[in-house]
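I opened my notebook today to look up salt bridges in a structure. Here are my entries, in the order I made them.

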Amino acid sequence: MHSPYTTDVLAHFVGRASPNDHNENFRKLALVLESGQVSYAPHTKEADKVSHVIDPSKRLDTEELIVPTVTCFADIPDSSLGVHVSKYGRFGVGFRRDFVIRAGARPVTYVPCSPTSGSMRSTDAGCCRTCARST
């Protein structure tokens, strides 16, 4: 069944650190394509091991309390990518949903950033997208 809110192609965008630096983001995408690996830094052979670090001195709303070692994929139709691209850059790679699921993808759990905030962030994966082990 098709939903106007999701897509069968999950995309990983490489520009979170600097969404408007198109040259740098193109370079990052080229590295992903050359290596054949989408992974969380430091991009080692063990990148498929999902783990996280919890630092109780940090805050949840800054996404520093829980730091995961996961790779995030957007489940957003092309027609709705505008806001996402403004935050994560224009360059990325996409995979069919069934492939990413077979590689170990799982949904993210969302919680409010603060009790009075309407903003939602993920504590399970540290980002607001579908997350998976590296493939």
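**Salt bridges**

I began with a count, and it came to four salt bridges. My rule was a side-chain nitrogen of Lys or Arg within 4 Å of a carboxyl oxygen of Asp or Glu. I kept in mind that this is a predicted model, where local features need pLDDT of at least 70 and side-chain atom pairs count only at pLDDT 80 or more, while totals for chains, interfaces and linings use all residues. I number residues from 1 along each chain as its sequence is written, and my side-chain values use heavy atoms, with hydrogens and water left out.

**Entry: the pair in H1**

I looked up Glu24 next and found it in a salt bridge with Arg27, with 2.6 Å between the closest N and O atoms. Both residues sit in helix H1 (residues 22-35), three residues apart, about one turn of the helix. I took helices (H or I, at least four residues) and strands (E, at least two) as DSSP runs, numbered from the N terminus.

Are these two side chains buried or exposed? I use buried for under 20% relative accessible area, exposed for over 50% and partly exposed for in between (1.4 Å probe, protein chains only). Glu24 is partly exposed at 24%, and Arg27 is partly exposed at 40%.

**Entry: around H3**

Which residues are linked in a network of salt bridges? I found Arg96, Asp98 and Arg102. Asp98 pairs with Arg96 at 3.7 Å, N to O, and Asp98 also meets Arg102 at 3.7 Å, N to O. Asp98 and Arg102 both belong to helix H3 (residues 97-102), four residues apart, about one turn of the helix.

Asp98 is partly exposed, with a relative accessible area of 38%. Arg96 is exposed at 51%, and Arg102 is exposed at 62%.

**Entry: the whole protein**

I then stepped back to the fold. I listed three helices and eight strands, running β-α-β-β-β-α-β-α-β-β-β from the N terminus on. Of the 135 residues, 32% count as buried.

For contacts (heavy atoms within 4.5 Å), I looked at those with a separation of 6 or more: residues 24 or more positions apart account for 66% of them. Last, I noted that the protein exposes about 8600 Å², with carbon and sulfur atoms supplying 57% of it. That area comes from the Shrake-Rupley method with a 1.4 Å probe; for residues, only the protein chains shown count as cover.
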